[in-house]
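Good morning, and thank you for coming.

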Amino acid sequence: PGDAFQIQFSINGEKHVVYESYPATTTLNDYIRDVAGLKGTKVMCREAGCGCCAVAVTHASGGDKVETMSINSCITPLYSVDGWQITTTEGIGNQKDGFHPIQKQVAKHNATQCGYCTPGFVMSMYGLLHQNPKLTQQEIEDSFDGHICRCTGYRSILDAMKTFGSDATGPNAKPIDIEDLNKHLCPKTGEKCKKDTKSNCPITPPSSLSLDLRDSKWHRPLNLKELGTIFTKNKGKSIRLVFGNTSTGIFKFDGPYDIYIDLHSVEELYQYKESASSVIFGANTTLTKLKEHMKNLQYKPGFFYCTRVIRHLKVLASVLVRNAGCIAGNLMIKHNHPDFPSDLFTMMAAIGASVGVYDTSSGKITKHPILEFLQKVKMAGKVLAFLEIPKFEENEHYRSFKITPRWQNAHAYVNAAFKIQVEKLLVKTKPSFVFGGINAETVHATKAEEFIKGKTLSDAVIKETLKILASELKPSSDDPLHASAKYRHDLAVNLLYKTLLEVAKPTDPKIRSGADSMERPISSGLQTFQEKKSEFPLMQAMPKLEAPLQASGETVYANDIPAFQRELYGAFVISTVAIGAIVNIDCSEALAIPGVVKFISAADIPEGGKNNFMDVVFFPTIGAEEVFVSKNVEYAGQSIGLILAETQALAELAARKVKITYGSMQEPIIYVEDGVAKGSFFEQKFNKIMGQSEDALKNSDLTVSGQIYEGGQYYYYIENQVSVAVPTEDGIDVYSSTQMPDMTQKSSADIIGKPLNYINLIGCRVGGAFGGKALYSSVMAAAATLGSYVTKRPVRVCVSMSTNMKLIGKRFPLIARYKAGLNRDGKMNSIDLEIFADNGFRPPIMIEELLHSLDQ
Amino acid sequence: AMATAPHVVSGTVRCNDQYNFHLENQAALCIPTDTGGMDIMATTQWQDTCIETVSQILGIPESRISVETQRLGGGFGGKIYYNAPVCGMAALAAYVTNRPVLMNLDLHTNMQSQGKRTHYVFEYQVGFDDDGRIIAIVATGYGDVGALLFNKGDEYTVGYIDNVYNIPNFKWTVQPVKTNKPVSTAVRAPGTAPAIYGMECMIDHVATYLKKDHLQVRKLNLMQDGDTTLAGVVLEHCLIKDVVAQLEAQVNIAQRLQAVSDFNKNNRWRKRGFHVMPNRYAMVWEGRFYTTSIYVNHGDGSVHICHGGVDMGQGINTKAIQCCAYKLGIPMDLITVKPTSTIVNTNSKYSAGSTTTGLVCLAILKCCEDLLERLAPSKAKLVNPSWREIIKQAYLDVVDLRAHYMPQIKDKYPSEHYSSWGACTAEVELDVLTGQYQITQVDYLNDTGTSLNPQLDIGQLEGGFIMGLGLFLTEGFKFDPMTGQLLTDGTWEYKPPLGKDLPINFNVKFMRNVPNPTGVLGSKIVGEAPVSTGACVLFALKRAVEAARAEQNNTDWFPFHAPATVESIQTACLNDLAQYTFGN
């Protein structure tokens with residue numbers, strides 16, 4: 001830690017000093033990529049959901065023990081890393097100094113394709129091995145819940161990582177050498193500890209910090225008293241308490257705040273206290289730490305239920321988030337957003353936990369049952385101090401669930417936690433039936449709890465309990481993002497049934513099959529192929545030659561190109577309605593933000609320029625599509641303009657402040673069924689006829705008919721669309737993450753009315769594409785080019801994931817109506833098939849491809 | 001032959017070294033690539049040497065290194081060899097730090113470390129008859145090549161030492177001399193300009209010795225078709241007599257000489273000098289070639305050219321576009337030239353010797369022919385199509401819209417020698433007491449074949465001539481005698497010509513209707529020839545100095561070394577205090 005006006009930390013052993021020069025919302029990722037210039041650490045979702053930004057951090061906050069773990073750099077505030085050591089993939093190995101064993105194994109197993117997710121996986125593994133060098137293969141396989149890979153299908157990645165398992169066998173097994181973990185990083189210098197000086201080298205205790213970041217202040221108190229003083233001094237100001245900052249992944253646009261208080265150094269918030277009747281965890285206990293504590297607790301009488309809590313904690317967010325986020329953070333999300341299905345809260349409510357709340361004005365800590373904390377305690381001026389979990393009585397049974405659309409890292413449809421004391425089928429006390437995801441109010445199913453208390457479990461009692469539960473649960477249905485009310489309702493009932501089945505242990509195994517949750521064993525796969533030695537190196541199985549470079553983060557993608565002088569960053573302003581005419585665009589608020597330079601739109605296209613990025617010789621049937629909506633919006637998410645600002649964050653902020661007024665709005669047609677029902681058809685229709693299907697149908701023994709639906713799909717490349725337009729002396733150089741340089745060049749030239757040879761289109765290494773960087777790279781490139789042409793400055797358009805998903809077209813949803821005729825053996829004679837494809841608003845280009853593949 | 005010659009004179013003259021003085025110093029930006037290679041932007045005339053140097057220093061294959069050069073802020077030969085070490089150093093630094101490294105030499109370092117034009121001392125014996133017809137020459141050029149011998153060390157002087165004169169017996173020896181200085185390097189017209197100057201000194205000596213008119217003696221010895229040059233070329237299309245005759249008529253030499261003579265009679269301390277110098281520049285190909293491609297964009301028919309030449313101001317890009325537009329029959333604004341890159345222009349040689357533009361143009365013509373042939377079937381499908389329509393059709397017909405060509409031995413142009421011919425008159429007025437002078441008028445007539453772009457060619461001629469003035473009059477080096485350090489390593493000590501050093505009246509004219517049968521579209525090279533012609537002014541000054549010496553009744557030949565600085569001119573006037581009178 002440095003003096004009061006700066007922070008110091010190290011990246012890969014190199015010291016960095018940061019003064020009060022960045023906004024409080026600047027992330028560690030911003031700094032690593034844009035200031036330190038280490039582009040091996042990628043960024044995509046900026047919401048801790050994809051993992052490509054993972055880095056390892058080493059610090060001693062939370063006690064005197066220096067620990068290393070991996071976290072999401074994209075949500076970690078820069079000013080929270082004072083005194084930390086950061087390690088990025090370049091720091092653990094590279095082509096010059098030699099690759100790290102993890103990087104080597106990743107390469108060797110062909111665990112990279114586009115390579116954009118790879119550094120994140122590598123750094124996650126690096127952090128995991130620090131936390132436990134003796135991980136089993138199962139533990140390794142469980143630990144990549146924070147990472148998305150769109151290319152490999154994971155098998156090769158998991159195979160590579162599992163070679164580090166303590167139980168790994170076979171030729172590839174690779175126990176990690178302690179040397180490869182830089183075990184003895186000095187918390188002062190970030191360098192390897194020189195052993196001879198170890199005894200003279202105590203850890204520097206943290207100091208308090210007070211930074212003036214102009215728009216806000218950043219404080220780091222050392223204890224609750226200092227914390228209280230900060231609160232007192234800043235009465236009336238908006239205050240944000242910061243720890244892992246992981247909630248910003250979900251609730252992104254809270255703030256801005258006047259005061260940020262980093263709680264990492266508040267010593268009282270790290271306590272851990274076991275007593276005869278309870279265990280107390282300081283509010284700063286990370287979810288990872290909570291899990292570690294419970295690993296020991298679960299063997300202690302009265303705390304056996306911790307095994308179940310651990311199981312549930314493993315599906316709470318991801319390893320990376322659990323390494324950074326703490327108990328208080330999670331519970332405060334629930335407090336601020338009661339409809340949020342917090343797993344921790346659901347569990348703790350059922351368990352009967354309490355929280356300690358520190359009141360900064362009185363300086364006192366009061367204890368509240370967790371339900372009271374949620375429903376009654378106003379938290380303004382207060383800070384969560386601890387969580388206390390009770391020792392269970394004998395025969396108290398605990399079980400909790402998280403039912404999710406994907407096994408890992410997903411919000412629950414419904415989560416539930418049950419505590420029930422049963423002795424020989426008698427429910428001795430009032431149980432706890434706690435549900436999350438039903439609605440903002442529901443915590444306990446109190447009627448069902450009341451009913452079952454004192455009853456002996458029987459078919460009749462179970463039936464009646466479930467009936468009461470079914471009638472008292474009233475799932476909300478106002479959020480289209482939630483699963484249907486019916487599903488959530490039925491699911492909640494079924495989870496109680498599962499629990500009661502487990503408790504009652506019916507003798508009929510057929511019935512008992514409902515009790516267990518699914519357990520996933522370690523996965524494995526066998527790859528079978530033939531090599532042809534005589535033709536080597538052809539027909540030889542070998543990993544990609546750049547694989548080690550992808551693993552070490554040395555491969556350069558479009559957004560890794562260093563900033564050009566006076567570069568501007570672009571953020572799209574996209575339509576928020578599907579059908580409507582633009583009446584007014586008000587960007588006064590956006591442009592008033594210092595550092596926001598310009599808003600460009602269709603009006604800025606110079607004379608001779610074409611507002612169409614789909615003008616392609618190769619696809620003669622293709623319809624026109626505007627780069628910037630000139631008048632009529634055709635879909636929600638369509639690009640209306642581009643904000644240009646000095647930083648990406650400013651551009652994104654300003655883009656949200658542009659106010660568009662629409663007229664002539666109409667209810668949109670969104671689903672293919674609606675389009676069919678309303679006869680919303682393009683003129684184009686594609687027919688393919690072979691034989692005499694109608695006659696054959698008549699002569700068939702059997703006919704079947706039906707209608708099937710197929711949904712759309714997003715590409716989900718880990719690298720979002722990127723275009724960088726750089727004015728040159730005689731044109732514009734456009735760097736693009738495109739699959740289709742030709743059309744990207746054309747759209748760039750067209751929008752400014754210049755010949756094609758005005759544009760040098762440089763196709764960069766692409767971080768995943770899957771067809772999604774063909775047509776739609778052109779809109780990005782055209783927008784960047786226009787921005788660059790208008791401002792005479794380099795312009796980088798690296799769209800956010802949200803804009804990327806909203807703006808671009810996707811795989812088309814289909815409805816297929818079929819009639820098939822077959823003989824008695826099942827041989828098909830005839831198919832009459834009608835397909836309706838949802839093309840979006842403009843005529844299709846790839847639809848004919850369907851016809852080529854229909855007969856499978 | 002020397003033994004039987006009626007007259008023999010011998011002498012020693014010096015032609016100094018010269019710094020290229022490109023205003024853009026040597027620079028290289030080296031960016032480590034993600035696959036362990038090096039992307040380089042270098043101010044080089046020879047990208048290949050940069051690649052080879054970096055490959056050797058880093059021990060990585062050449063294919064991992066790429067060099068891009070958009071253009072140079074002047075080259076003048078200094079960036080043929082001397083950019084490679086800068087690339088090497090920057091690449092090593094980039095490799096060691098794993099960060100992009102930009103090395104941009106400061107002027108002093110650049111001048112200290114970079115070799116200069118080879119400094120020559122010519123020792124000669126010339127045998128001739130009473131009229132001044134040269135019978136034999138035995139001459140040696142001692143060339144100061146610096147610390148190492150680079151190349152053969154003769155700098156092709158054999159091709160130029162006889163300039164425009166048919167010398168029946170000629171023994172020419174070049175003796176490289178080792179000195180403790182950077183290895184001398186190419187500076188615009190390397191070897192050429194000193195050699196031509198050397199020859200002019202010899203014939204000047206003959207005329208002075210015989211006390212004959214300098215032009216008449218030169219005219220007696222001029223080459224003609226059928227003569228064989230010292231380099232062994234049998235001359236065809238020799239134009240020198242035509243050029244001299246035309247210039248004589250154009251500037252009315254007899255009248256001018258008379259006027260100078262009258263002036264000198266009437267002025268003791270001001271003297272004028274008038275001189276005529278003919279000049280030949282032999283095109284030497286040396287097997288240079290440049291890989292060149294043209295690409296047509298199907299979307300709008302616009303064209304971009306990627307040629308292997310480096311545009312350092314000579315205007316390759318403009319001429320390339322002119323040729324391309326001419327051959328394809330499309331407007332010039334449809335065509336652009338991209339930076340030279342070793343990725344697409346692999347193996348292109350150094351841009352030098354005035355030949356690059358012609359070779360690039362030749363390649364472009366061939367590319368265009370190739371392309372037009374490929375487009376023909378698509379064109380035939382359309383009625384009266386525009387270029388854009390042809391291209392669109394060809395794209396749909398899956399025609400490769402790129403053409404590539406590299407000039408080769410079988411192309412007659414580069415393998416055949418030809419010469420460009422020129423002649424220049426210069427008149428100066430000298431302040432005998434100070435050595436200061438003014439170049440009052442220069443008339444330069446040059447054979448440029450059919451110029452592809454007369455404006456650019458005149459630019460080359462004028463710029464080359466003034467660079468020659470620097471070589472022969474103002475630029476020179478001084479070294480610390482103990483350490484060998486260059487003392488004249490900046491603008492305060494080293495003096496290229498400025499805007500008031502050019503002739504007060506400077507007329508340039510190209511011969512009309514003289515297409516070059518072996519040049520690209522009838523053109524001739526023009527970049528380097530005029531450097532040697534700068535010596536014409538030196539000889540005009542010598543004539544003025546002779547007039548001053550004549551006042552002392554000293555009419556003997558004397559050596560007049562280059563550079564003829566104000567100091568050396570004044571010293572050569574041999575002023576005698578006894579003559580400093582008021583004329584009473």
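Let me start with a pair of side chains: B:Arg71 and A:Glu729 form a salt bridge, at 2.6 Å from N to O. By salt bridge I mean a side-chain nitrogen of Lys or Arg within 4 Å of a carboxyl oxygen of Asp or Glu. Across the interface of chain A and chain B, that rule finds two salt bridges.

Some conventions before I continue. This is a predicted model, in which local features need pLDDT of at least 70 and side-chain atom pairs count only at pLDDT 80 or more, while totals for chains, interfaces and linings use all residues. Residues are numbered from 1 along each chain as its sequence is written, chains are lettered from A and ligands numbered from 1 in the order in which they are written, and side-chain values use heavy atoms, with hydrogens and water left out.

Returning to the interface, 17 residue pairs are in polar contact between chain A and chain B, both residues being at pLDDT 80 or more. A polar contact is a pair of N or O atoms within 3.5 Å; within protein, one must be able to donate a hydrogen and the other to accept it, and residues adjacent in sequence count only if both atoms are side-chain atoms. On the side of chain A that touches chain B, α23 (741-751) and β28 (759-763) of chain A each supply at least two residues. The largest contribution to that side comes from α23(A), with three residues. Helices (H or I, at least four residues) and strands (E, at least two) are DSSP runs, numbered from the N terminus. Sorted by class, the side of chain A that touches chain B has nine charged, seven nonpolar and five polar residues. Here Ala, Val, Leu, Ile, Met, Phe, Trp, Tyr, Cys and Pro count as nonpolar, Asp, Glu, Lys and Arg as charged, and the others, Gly among them, as polar.

How many residues of each chain are in contact? There are 21 from chain A and 25 from chain B, where contact means heavy atoms within 4.5 Å. The size of an interface is often given as the accessible area lost when the parts come together. Chain A and chain B bury about 1800 Å² between them, with 45% of it on carbon and sulfur atoms; this is the accessible area (1.4 Å probe) that two parts lose on being put together, summed over both.

I turn now to chain B. B:Asn16 sits in the loop between β1 (7-15) and β2 (27-32) of chain B. Is B:Asn16 buried or exposed? B:Asn16 counts as buried because its relative accessibility is 2%; buried means under 20% relative accessible area, exposed over 50%, and partly exposed in between (1.4 Å probe, protein chains only). Its side chain has two backbone oxygens to note: that of B:Leu471 at 3.2 Å, and that of B:Glu475, 2.6 Å from a polar atom of the B:Asn16 side chain. Beyond four places in sequence, the contacts of B:Asn16 also include B:Arg117, B:His119 and B:Gly476.

B:Thr488 belongs to the loop between α13 (454-474) and β17 (505-510) of chain B and is buried, at 5% relative accessibility. A polar atom of its side chain lies 3.2 Å from the backbone nitrogen of B:Lys478.

Next, some backbone geometry. Most residues other than glycine have a negative phi, and most peptide bonds are trans. Which phi does B:Tyr156 have? The phi of B:Tyr156 is positive, about 60°, although this residue is not a glycine. B:Tyr156 is partly exposed, at 32% relative accessible area. B:Ala189 likewise has a positive phi, of about 65°, but B:Ala189 is buried, at 0% relative accessibility.

In chain A, a cis peptide bond joins A:Gly255 and A:Pro256, with omega about 5°. A:Pro256 lies in the loop between β8 (239-242) and β9 (259-262) of chain A. The bond from A:Phe536 to A:Pro537 is also cis, with omega near 10°, and A:Pro537 is placed in the loop between α17 (509-512) and α18 (547-551) of chain A.
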